[in-house]
Amino acid sequence: MIPFPESIIACPDCDLLQRIPTLTPGGTASCLRCGHTLASSKPDSLDRTLALTVAALIALIIANVMPLMGLSAVGRQAVTTILGGVLKLWQQGHQITAVLVAFCTVVAPTVHIGFTLTVLLAVRQTPAPIWVGTLLRMADFNQPWAMLEVMMLGILVALIKIADLATVIPGIGMFAVGALIMFIAAMTVSFDKHQVWSQIRWVDGEGQQLTSSPEFKEPAEGEVEGKETPGELTGIKMGLVLCEGCGLLTKPTDLEKPGYCPRCGQELELRRPNSIQRTWALLIAASICYIPANLLPVMSTTTPTYAEKDTIMSGVVLLYVHGSWPLALIVFVASVVIPMAKIVALAYLLISVQCRFMRSKEERIRLYRLVEIVGRWSMLDVFVVTFVVALVQLQPLMSVGPGTGVVFFAAVVVLTMLAAETFDPRLIWDSRNNKEEQNDEIC
Ligand SMILES: [Zn+2]
Ligand SMILES: [Zn+2]
């Protein structure tokens, strides 16, 4: 197994081999074919990210300890923290949703900040221990599930829903969540992971020396740039495998069984295993859950005189009638349009790959990235339900409980997010020039 120098990379989104030029401070290098950002130079990255991570940790503690918001109605007071909301869901018999909300709002952000902080402290000694790489990989894997900004919007919608019933007072926790969102965003922008990877001791213990050993041959200019057929020389054609964990390019002896990454120890795969079948399975499960998610009530309101059950759609109508049409539109798009659009878009991508469509590859990769980015915003309604339920417990005057629909709804969001992660975008680019793909389009 021969590792390649870090200046040569196979694009993670399209597998095109490219040489990264020396970047000017603040400069970035994008993929020639699909536009994916391959590398960026971030001066003082590690120190700046460390400062931001410490600030984020302080904000995280305040956000979880102090009340998010309080409510006062008919002489009664109620306050809630993030975990208070989770606890209410749990007590009302919605344990699965409660665990999911706790994971996305408390566990994932804590893991992200804690792991990043440990990595940044450990990497100050060179070479940094091997476990730093494992933590970095886990922090990466965990990041899409930290949904504080979606929760913040959810709290805002919850506040407007409750505003008619009672006076709502934003708490210190809410401002801390706002600060936390900004610190985490700044951490992501300033963190240069390549810099960390270059300082971590390799799993095989000798990898770094291998690149400078006589056994290793630096590929010639044209060998990588593919000057004769620009945009066509890919990792798969050259027998190179990209590690999805750390971004190292290696040339395994057996391409069928590439083994493990010599730097981070992750199992190497030419393409994500059974990507198409697994994505289909997750999509079909999501489509099935989409029906009860929209038909069953997500929230039920009980007062001495009436009991009312709200589905997602009737909740949108209620928001619209109460005069906040922009929020009604946001909830409608996040809860009804996005999950449906995600299912349709991923199904289209799968069919296009299975039928080996040759056209509009750039459009399809853009569609895939859009699905990845907007996917998490569908979680909005789950957070709205959590915080409305947590606050409006004014028995016997009025109480709000979660409905069965909410668990199906959460399932749709999770299943479509997993489907997007299982789909391998490089399949869009794998042309029929590959050996076993000589036969023509199937569809
Ligand atoms: Zn690319
Ligand atoms: Zn690796």
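1. R33 is buried, with a relative accessible area of 15%; buried means under 20%, exposed over 50% and partly exposed in between, with a 1.4 Å probe and protein chains only. R33 lies in the loop between β4 (28-30) and β5 (37-40). Strands here are DSSP runs (E, at least two residues), and helices are runs of H or I of at least four, numbered from the N terminus.

2. This is a predicted model, in which local features need pLDDT of at least 70 and side-chain atom pairs count only at pLDDT 80 or more, while totals for chains, interfaces and linings use all residues. Residues are numbered from 1 along each chain as its sequence is written, chains are lettered from A and ligands numbered from 1 in the order written, and side-chain values use heavy atoms, without hydrogens and water.

3. The zinc ion (ligand 2) is coordinated by the SG atoms of C243, C246, C261 and C264, at 2.2 to 2.3 Å. Donors are N, O and S atoms within 2.8 Å of the metal (3.2 Å for Na, K and Ca); water is not among the atoms, so sites may look incomplete. The spacing of the donors along the chain is C-x2-C-x14-C-x2-C. Both C261 and C264 are buried.

4. Why is the arrangement around the zinc ion (ligand 2) tetrahedral? The 4 donor atoms subtend angles of 99 to 115 degrees, and four donors count as tetrahedral if all angles lie between 85 and 135 degrees.

5. An open sheet of 3 strands runs in the order β7-β6-β8, with antiparallel pairing; two strands pair if DSSP finds at least two bridges between them. Its edge strands, β7 (76-80) and β8 (167-170), each pair on one side only.

Conventions:
Four donors count as tetrahedral if all angles lie between 85 and 135 degrees; four count as square planar and six as octahedral if opposite donors are over 155 degrees apart and all others between 65 and 115; anything else is irregular.
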